Amino acid sequence: MDLFTSSREKELFDQMPLAVRMQPQTLDEVIGQEHILGPDKPLRKMIEADKLQSLIFFGPPGCGKTALAQVIAKRTEALFVKLNAVIAKVDDLRLVIKNAKDQRAMYGKRTIVFIDELHRFNKSQQDALLPDVEDGTIIMIGATTQNPFHAVISALVSRSQVFRYEELGTKALVELLQKALIAERGLKQFNVTAEAGALEFLAEQAEGDARKALNALELGVLTLGTRKVFTKADAEEAIQSKAVVYDENDHYDVISAFIKSMRGSDPDAAVYWLAKMIYAGEDPAFIARRIVICASEDVGNADPQALVVANAARETAEFIGLPEARIPLAQAAIYVACAPKSNASYVAIDAALADVKSQPTRKVPDHLKNAVYDGEKKMGIGKDYKYAHSYGGYVKQAYMPEPKIYYEPTENGVEKRIKEKLDKLRGGEDRSKEVKK
């Protein structure tokens, strides 16, 4: 089917960025997201049958949320309205809703409202949507990079189906870039081919963002001049990043060796692998994040200061940049490597998460609930809570639906003192009388 009804429309389309021109026109052109758009998946069935309910698409930038909305707009018989939450006001919503009511009353026609960056709507704007989403006046499709269970009011989330988008993988992005080089609406007119590894480099540097990858490819091709081969050097220039001097497998192997050296308390090996990553051109922010993770996961409360040092190094490296950033990174890596080790916090949170996942509906005991109103207090909410400071700083009482120990401190470093204290508290007697102050 021809996308254009006039030569002027085609001219305007050709002037749009490559990322816009390469947006999928059909479901089969959508790359990635097979977990929600594969054959016989519920979302695909809803789109193909034009039987949509209110939806929230949640995922990182450039993974295809808006692109899928455009595909839906082309397929549906409903009126399709697009809003951007950054600039749309409550009055804009009210106008859309009024028109939707008129369309339904006069023509029996549904209205789909696509709201990009839904998390940018404040609570009052989200509340304004709620009644008309609930009664079906509009079918809302919201796209957000933020977790909707935190960024969108719960009432709106509960009335929508939430689909989580995954970051696009290197293979999917390379496939998209290859199509862009030969597509009529892409870069076919330039008759350019890509050198081995060039598109892979762009895909890796784009970090799952199709828009970023396509923009870099377009910039690179437009600056080739009379040359017809897009090289890895062109890719580096286009995305303004140097390739590391080792391949993808080495990248993961070296960072693994770096982390294991810190975990294994070998500061010399940690510095060696750090030097290899810096020499290879790894992003200092990437290295710093791994040191921060290791400080918490592998050192933990055996030396709480390790996390402070690691985070300070991360901020300092970002502030001063390379080559000086190598110094705070080395300082933090050495500190973490030399620190006593404990993964007790890591083990504790994973065990607790497993229990919460297996029994997610367990409630907060009444004595721990927040009682604000007299009516709540009369119902027993907050009753019998013992204020620890009234008992000298500690009083034995139930703080969970069912008592269970998750945190088992080690005998290492600071955690040895924590263990001694917890052993006393966990085995101590109930102090039933309040301390006079």
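Before I show you anything, one definition: I call a residue buried when its relative accessible area is under 20%, exposed when it is over 50%, and partly exposed in between, using a 1.4 Å probe and protein chains only. Hold on to that one, please.

A word on what we are looking at: this is a predicted model, where local features need pLDDT of at least 70, side-chain atom pairs count only at pLDDT 80 or more, and totals for chains, interfaces and linings use all residues. Residues are numbered from 1 along each chain as its sequence is written, and side-chain values use heavy atoms, with hydrogens and water left out.

Let's start with the whole chain. I count 21 helices and seven strands in the protein chain; these are DSSP runs numbered from the N terminus, with helices being H or I of at least four residues and strands being E of at least two. The radius of gyration of the protein chain is 28 Å, well over the 22 Å that the globule rule gives for 437 residues, so the chain is more spread out than a compact globule. That radius is taken over C-alpha atoms, and the rule is 2.2 Å times the number of residues to the power 0.38. Along its principal axes, the C-alpha trace spans about 85 × 65 × 40 Å.

How much of the protein chain is buried? Of its 437 residues, 40%. As for contacts, which means heavy atoms within 4.5 Å, I look at pairs at least 6 apart in sequence: 72% of those join residues at least 24 apart.

Now, helix 10, residues 170-182. At 1.5 Å a residue, its 13 residues should span 18 Å, and its end C-alpha atoms are 19 Å apart, which agrees. The expected span here is 1.5 Å times one less than the number of residues. Which residues of helix 10 are buried? They are Ala172, Leu173, Val174, Leu176, Leu177, Ala180 and Leu181. They pack against helix 2 (18-21), strand 6 (193-194), helix 11 (198-205) and helix 12 (210-222).

With 13 residues, helix 12 reaches 18 Å from its first C-alpha to its last, close to the 18 Å expected. Its buried residues are Ala210, Ala213, Leu214, Ala216, Leu217, Glu218, Gly220 and Val221, and notice that a glutamate, Glu218, is on that list. Their cover includes helix 2, helix 10, helix 11, strand 7 (229-230) and helix 13 (232-239).

At 32% relative accessibility, Val20 counts as partly exposed. Between Val20 and Arg211 there are 191 residues in sequence, yet their C-alpha atoms are 8.3 Å apart in space.

Ser261 belongs to helix 14, residues 248-263, and at 11% relative accessibility it counts as buried. What does Ser261 touch, leaving aside its neighbours within four places in sequence? Asp266, Ala269, Ala270 and Trp273. Trp273 is found in helix 15 and counts as partly exposed, at 24% relative accessibility. Not counting residues up to four places away in sequence, Trp273 touches Val254, Ala257, Phe258 and Ser261.

Beyond residues up to four places away in sequence, Pro267 touches Ile334, Ala337 and Cys338. By C-alpha atoms, Pro267 and Pro403 are separated by 40 Å, and they are 136 residues apart along the chain.

Finally, some backbone details. Where is the cis peptide bond that I want to show you? It joins Leu322 and Pro323, with omega about 10°. Pro323 is in the loop between helix 17 (305-320) and helix 18 (326-338).

Then there is Asn191, which has a positive phi of about 55° although it is not a glycine. Asn191 lies in the loop between helix 10 and strand 6. Is Asn191 buried or exposed? At 57% relative accessibility, Asn191 counts as exposed.

Asp384 also has a positive phi, near 70°, in a residue other than glycine. You will find Asp384 in the loop between helix 20 (374-378) and helix 21 (414-427), and at 62% relative accessibility Asp384 counts as exposed.

Thanks, everyone.
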